Amino acid sequence: MTQPSTHIAIMRLLDTYLDGLHYADSGILQEVFHSDARYINTVAGDYCNLSVPEYFQLLEERVAPADSGQERQGRIVAIEVGGPCMAFAKVEVAMLGRVYNDFLTLLFDNGKWSIITKVFHYNT
(Lines give C-alpha, C1' and ligand atoms only; values in the text may rest on other atoms or scores of the structure.)
Protein backbone atom coordinates (compact mmCIF):
# COMPACT_ATOMS: atom_id res chain seq x y z
CA MET A 1 0.00 0.00 0.00
CA THR A 2 1.49 3.33 -1.00
CA GLN A 3 1.78 6.23 1.43
CA PRO A 4 -0.98 8.42 -0.14
CA SER A 5 -3.43 5.50 -0.30
CA THR A 6 -2.54 4.56 3.30
CA HIS A 7 -3.44 8.05 4.51
CA ILE A 8 -6.65 8.07 2.47
CA ALA A 9 -7.68 4.69 3.92
CA ILE A 10 -6.91 5.87 7.46
CA MET A 11 -8.80 9.13 6.94
CA ARG A 12 -11.85 7.16 5.77
CA LEU A 13 -11.58 4.85 8.78
CA LEU A 14 -11.41 7.84 11.13
CA ASP A 15 -14.39 9.50 9.45
CA THR A 16 -16.40 6.30 9.96
CA TYR A 17 -15.14 6.16 13.56
CA LEU A 18 -16.39 9.70 14.21
CA ASP A 19 -19.77 8.82 12.66
CA GLY A 20 -20.03 5.74 14.87
CA LEU A 21 -19.37 7.82 18.00
CA HIS A 22 -21.83 10.53 16.94
CA TYR A 23 -24.62 8.01 16.36
CA ALA A 24 -23.49 5.69 19.23
CA ASP A 25 -23.81 2.90 16.67
CA SER A 26 -21.86 -0.29 17.30
CA GLY A 27 -22.75 -1.49 13.79
CA ILE A 28 -20.82 1.43 12.30
CA LEU A 29 -17.95 1.05 14.77
CA GLN A 30 -17.73 -2.68 14.10
CA GLU A 31 -16.50 -1.72 10.63
CA VAL A 32 -13.44 0.07 12.07
CA PHE A 33 -12.54 -1.87 15.23
CA HIS A 34 -10.45 -5.03 15.04
CA SER A 35 -12.15 -7.95 16.78
CA ASP A 36 -9.23 -8.12 19.27
CA ALA A 37 -9.28 -4.38 20.03
CA ARG A 38 -9.11 -2.88 23.50
CA TYR A 39 -10.93 0.20 24.81
CA ILE A 40 -9.07 1.90 27.65
CA ASN A 41 -10.26 4.90 29.66
CA THR A 42 -7.33 6.52 31.54
CA VAL A 43 -9.33 8.99 33.66
CA ALA A 44 -8.62 8.51 37.38
CA GLY A 45 -11.70 7.10 39.10
CA ASP A 46 -13.21 6.09 35.76
CA TYR A 47 -10.48 3.73 34.51
CA CYS A 48 -11.59 0.75 32.46
CA ASN A 49 -10.02 -1.70 30.04
CA LEU A 50 -12.68 -3.38 27.91
CA SER A 51 -12.93 -5.78 25.01
CA VAL A 52 -14.80 -4.70 21.88
CA PRO A 53 -18.03 -6.55 22.84
CA GLU A 54 -17.92 -4.95 26.31
CA TYR A 55 -17.36 -1.51 24.78
CA PHE A 56 -20.19 -1.97 22.28
CA GLN A 57 -22.55 -2.94 25.10
CA LEU A 58 -21.66 0.32 26.91
CA LEU A 59 -22.13 2.25 23.68
CA GLU A 60 -25.61 0.81 23.08
CA GLU A 61 -26.67 2.01 26.56
CA ARG A 62 -25.75 5.65 25.97
CA VAL A 63 -27.81 8.39 24.38
CA ALA A 64 -26.26 9.20 21.03
CA PRO A 65 -25.04 12.77 20.59
CA ALA A 66 -27.02 12.83 17.31
CA ASP A 67 -30.21 11.89 19.18
CA SER A 68 -29.75 14.76 21.62
CA GLY A 69 -29.38 17.28 18.78
CA GLN A 70 -25.61 17.72 18.98
CA GLU A 71 -23.63 18.36 15.83
CA ARG A 72 -20.78 15.98 15.09
CA GLN A 73 -17.69 17.63 16.57
CA GLY A 74 -14.50 15.73 15.94
CA ARG A 75 -11.17 16.40 14.35
CA ILE A 76 -8.14 14.42 13.36
CA VAL A 77 -5.16 15.95 15.13
CA ALA A 78 -2.44 13.66 13.78
CA ILE A 79 -1.77 10.51 11.81
CA GLU A 80 1.58 8.76 11.88
CA VAL A 81 2.34 5.67 9.84
CA GLY A 82 4.92 3.46 11.56
CA GLY A 83 5.27 0.81 8.89
CA PRO A 84 3.26 -1.13 6.35
CA CYS A 85 0.97 -2.60 9.04
CA MET A 86 1.03 -0.07 11.88
CA ALA A 87 -0.18 3.49 12.35
CA PHE A 88 -1.26 5.90 15.06
CA ALA A 89 -4.00 8.53 15.06
CA LYS A 90 -4.80 11.24 17.57
CA VAL A 91 -8.41 12.37 17.43
CA GLU A 92 -10.27 14.98 19.47
CA VAL A 93 -14.03 14.63 19.94
CA ALA A 94 -16.47 16.91 21.77
CA MET A 95 -19.66 15.16 22.86
CA LEU A 96 -21.82 14.45 25.88
CA GLY A 97 -20.47 17.51 27.71
CA ARG A 98 -16.87 16.34 27.47
CA VAL A 99 -13.84 16.78 25.23
CA TYR A 100 -12.19 13.44 24.50
CA ASN A 101 -8.58 12.94 23.44
CA ASP A 102 -8.37 9.56 21.72
CA PHE A 103 -5.09 7.84 20.89
CA LEU A 104 -5.86 5.12 18.35
CA THR A 105 -3.37 2.44 17.36
CA LEU A 106 -4.18 1.10 13.91
CA LEU A 107 -3.34 -2.27 12.40
CA PHE A 108 -3.37 -3.28 8.74
CA ASP A 109 -4.72 -6.83 8.80
CA ASN A 110 -6.67 -8.91 6.28
CA GLY A 111 -6.41 -6.19 3.65
CA LYS A 112 -7.77 -3.28 5.71
CA TRP A 113 -6.92 -0.84 8.45
CA SER A 114 -8.66 -1.21 11.81
CA ILE A 115 -8.39 0.15 15.34
CA ILE A 116 -6.59 -2.30 17.61
CA THR A 117 -6.43 -0.01 20.69
CA LYS A 118 -8.36 3.05 21.77
CA VAL A 119 -6.77 4.78 24.75
CA PHE A 120 -8.44 7.99 25.81
CA HIS A 121 -8.82 10.74 28.37
CA TYR A 122 -11.59 13.28 28.71
CA ASN A 123 -12.18 16.69 30.28
CA THR A 124 -15.55 18.17 31.15
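Residues are numbered from 1 along each chain as its sequence is written. In this predicted model, local features need pLDDT of at least 70, side-chain atom pairs count only at pLDDT 80 or more, and totals for chains, interfaces and linings use all residues, while side-chain values use heavy atoms, with hydrogens and water left out.

Empty space was examined next. Rolling a probe the size of a water molecule over the atoms shows where empty space is left. The search used a 1 Å grid over the protein atoms alone. A pocket is an open set of points where a 1.4 Å probe fits, with protein on both sides within 12 Å along at least five of seven lines. The largest pocket holds about 250 Å³ of space. Here a volume is the space filled by probe spheres set on the grid points, which are joined across faces, edges and corners. The lining of the largest pocket is made up of 17 residues, where a lining residue has an atom within 4 Å of a point. Closest to the pocket centre are Tyr-39, Arg-62, Arg-98, Tyr-100 and Phe-120. Five elements each supply at least two lining residues: β1 (33-41), α3 (52-61), β4 (86-95), β5 (98-109) and β6 (112-123). Helices (H or I, at least four residues) and strands (E, at least two) are DSSP runs, numbered from the N terminus. By class, the lining has eleven nonpolar, one polar and five charged residues. Ala, Val, Leu, Ile, Met, Phe, Trp, Tyr, Cys and Pro count as nonpolar, Asp, Glu, Lys and Arg as charged, and the others, Gly among them, as polar.

Charge pairing was considered next. Side chains of opposite charge can pair when their charged atoms come close. A salt bridge is a side-chain nitrogen of Lys or Arg within 4 Å of a carboxyl oxygen of Asp or Glu. The count comes to four salt bridges. One of them joins Asp-15 and Arg-72, with the closest N and O atoms 2.8 Å apart. Asp-15 lies in helix α1 (residues 3-23) and Arg-72 in the loop between α3 and β3 (74-83), so the pair ties together parts that are 57 residues apart in sequence. Burial is judged by relative accessible area with a 1.4 Å probe and protein chains only: buried means under 20%, exposed over 50%, and partly exposed in between. Asp-15 is partly exposed at 37%, and Arg-72 is partly exposed at 33%.

A further salt bridge links Arg-75 to Glu-92, with the closest N and O atoms 3.4 Å apart. Arg-75 is in strand β3 and Glu-92 in strand β4, so this pair ties together parts that are 17 residues apart in sequence. Arg-75 is partly exposed at 46%, and Glu-92 is partly exposed at 28%. Lys-118 and Asp-102 also meet in a salt bridge, at 3.9 Å from N to O. Lys-118 lies in strand β6 and Asp-102 in strand β5, so the parts tied together are 16 residues apart in sequence. Lys-118 is buried at 5%, and Asp-102 is buried at 1%. Salt bridges that share partners join Asp-15, Asp-19 and Arg-72 into one network.

Helix α1 was then checked for length. The expected span of a helix is 1.5 Å times one less than its number of residues. For the 21 residues of α1 this gives 30 Å, and the end C-alpha atoms are 30 Å apart, which agrees. The buried residues of α1 include Ile-10, Leu-13, Leu-14, Tyr-17, Leu-18 and Leu-21. An α-helix has 3.6 residues a turn, so residues three or four places apart point the same way.

Backbone angles came next. Most residues other than glycine have a negative phi. Ala-24, which follows α1, has a positive phi near 45 degrees. Leu-96 has a positive phi near 55 degrees. Leu-96 lies in the loop between β4 and β5 and is partly exposed at 33%. Asn-110 has a positive phi of about 55 degrees. Asn-110 is in the loop between β5 and β6 and is exposed at 75%.
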